[in-house]
Amino acid sequence: MSARANANVALVKYWGKRDSRLNLPATGSISLTLGGLAVEADVAFGPSSGPDDVVIDGASPTSDEQARVTAFLDLVRGETGCTGGATVRTRSTVPRGAGLASSAAAFAALALAASRAAGARLAPPALSALARRGSGSAARSIFGGFVEWARGDAMDGSDSVARPLAPADAWDVRVVVAIVERAPKAVPSRAGMARAVRSPFYPAWLETTPRDLDAARAAIAARDLEALGEVAEHSALKMHAIGLGARPPLLYWRGATVECLHRAWALRAAGTPAWVTIDAGPQVKVLTSPAAAPAVATALAAVPGVERVLECRPGGGAEVLACPS
Ligand code: PMV
């Protein structure tokens, strides 16, 4: 069974967990699924138990990757009663070495492919809850377009699932990604979040994020790019400010990250719609309009230290690619 899912960029960030085993977030988050940044996963369960045979982008996984995929497949086996060892092949169309995390796309594709391969047809909310267990942000990549992942209140996480706010074709916006550095991130998001929750600024994050979610939801409903951009940039900068206040400190930015931020602000001062968001790494993503995207891409490509620029459209949700006969 094969499935494909796209990456997503959070406009109101998920940063910090209320339960790390179940990947339950401390707050809700809102994202945009990005077209063209997909991971495809093929999964087949064998007749007998045994080690899972995993190949990621044509290569053997690291021991951490193998353990993470097997732990995820164990959840699928536990939920479906399927006991066989699995053969897993994943292919990423996220540009190689682009420094863009693809774990959201990977676990959304794996959730769909593995559950179907095990004989289960999960409804989208259950699929979102399953994907969440692999990587929190994967809960959102089950759906296309603008998506909200609820914090939920249930201890078992049953209500912490994503839901679509507006499909990919409902509002045409662009995200221009400036690749600043290709090296793997120094502090993975899991470790970054664990450090962030001990920052003295974290209580302010918890207190203010519900308002950001309200503002983003309203901006999406009204197709108001300025309002959405403003709250998205605010959420991202607030998330990174938490890290500066942590001990030890956490800063994902490089010099070129800061220069891109200033470039986007200069564009905006000159009347171009351009709002920045940054995830757990140095790359800069700029939310803009289709008309302004070429100028934004040109401006970011000219920033010293920017290696490459990508222009992304809204993308669709996870989909099955082939069914066995
Ligand atoms: O899904 P994770 O554990 O890789 O965490 C994602 C964290 C951010 O990308 C920084 C924010 C988000 O909401 O996607």
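Because the structure is a predicted model, local features are taken only where pLDDT is at least 70 and side-chain atom pairs count only at pLDDT 80 or more, while totals for chains, interfaces and linings use all residues. Residues are numbered from 1 along each chain as its sequence is written, and side-chain values use heavy atoms, with hydrogens and water left out. Helices (H or I, at least four residues) and strands (E, at least two) are DSSP runs, numbered from the N terminus.

**Helix pairs**

Two packed helices are described by the angle between their axes and the distance between the axes. Axes are lines fitted to C-alpha atoms, for helices over the stretch in contact, and angles run from 0 to 180 degrees between N-to-C directions.

| Helix pair | Angle | Axis distance |
|---|---|---|
| α1 (63-80) and α3 (124-134) | roughly 150° | within 9 Å |
| α1 and α2 (103-117) | about 35° | 10 Å |
| α6 (202-222) and α7 | about 160° | 9 Å |

Contact, meaning heavy atoms within 4.5 Å, is made by R68, F72, L75, V76 and E79 of α1 and by L130, A131, R133 and G134 of α3. These residues divide into 5 nonpolar, 1 polar and 3 charged; here Ala, Val, Leu, Ile, Met, Phe, Trp, Tyr, Cys and Pro count as nonpolar, Asp, Glu, Lys and Arg as charged, and the others, Gly among them, as polar.

Helix α1 also packs with α2, at an angle of about 35°, and this crossing is right-handed. On the side of α1 the contact is formed by R68, V69, F72, L73 and V76, which meet S103, F107, L110, A111, A114 and S115 in α2. By class, this contact has 8 nonpolar, 2 polar and 1 charged residues.

Helix α6 passes α7 in a left-handed crossing. Among the residues that meet are Y202, W205 and T208 in α6 and A227, L228 and V231 in α7, and the contact divides into 11 nonpolar, 3 polar and 2 charged residues.

**Sheet and strands**

Strands of a sheet pair through backbone hydrogen bonds, either parallel or antiparallel. In this model, 4 strands form an open sheet in the order β10-β11-β9-β12, with antiparallel pairing; two strands pair if DSSP finds at least two bridges between them. The edge strands, each pairing on one side only, are β10 (275-277) and β12 (308-312), and the twist averages 25° from one strand to the next. Strand β10 pairs with β11 (residues 284-288) over 3 bridges, and V276 stands opposite V286 in β11. Helix α7 (residues 225-244) packs on the sheet, where this helix touches β10 and β11 and its direction makes about 35° with that of β10. Helix α9 (residues 293-301) packs on the sheet too, touching β9 (174-179), β11 and β12, and its direction makes about 10° with that of β9.

Elsewhere, strands β5 (residues 53-56) and β6 (residues 86-92) run parallel and are joined by 4 bridges, with T90 in β6 as the bridge partner of I56.

**Two backbone details**

A cis peptide bond, with omega about -5°, joins R247 and P248, and P248 is placed in the loop between α7 and α8 (255-269). N23, a residue other than glycine, has a positive phi near 55°, and N23 lies in the loop between β2 (17-19) and β3 (24-25).

Note on methods
A crossing is left-handed if the near helix is turned anticlockwise from the far one by less than a right angle, and right-handed if clockwise.
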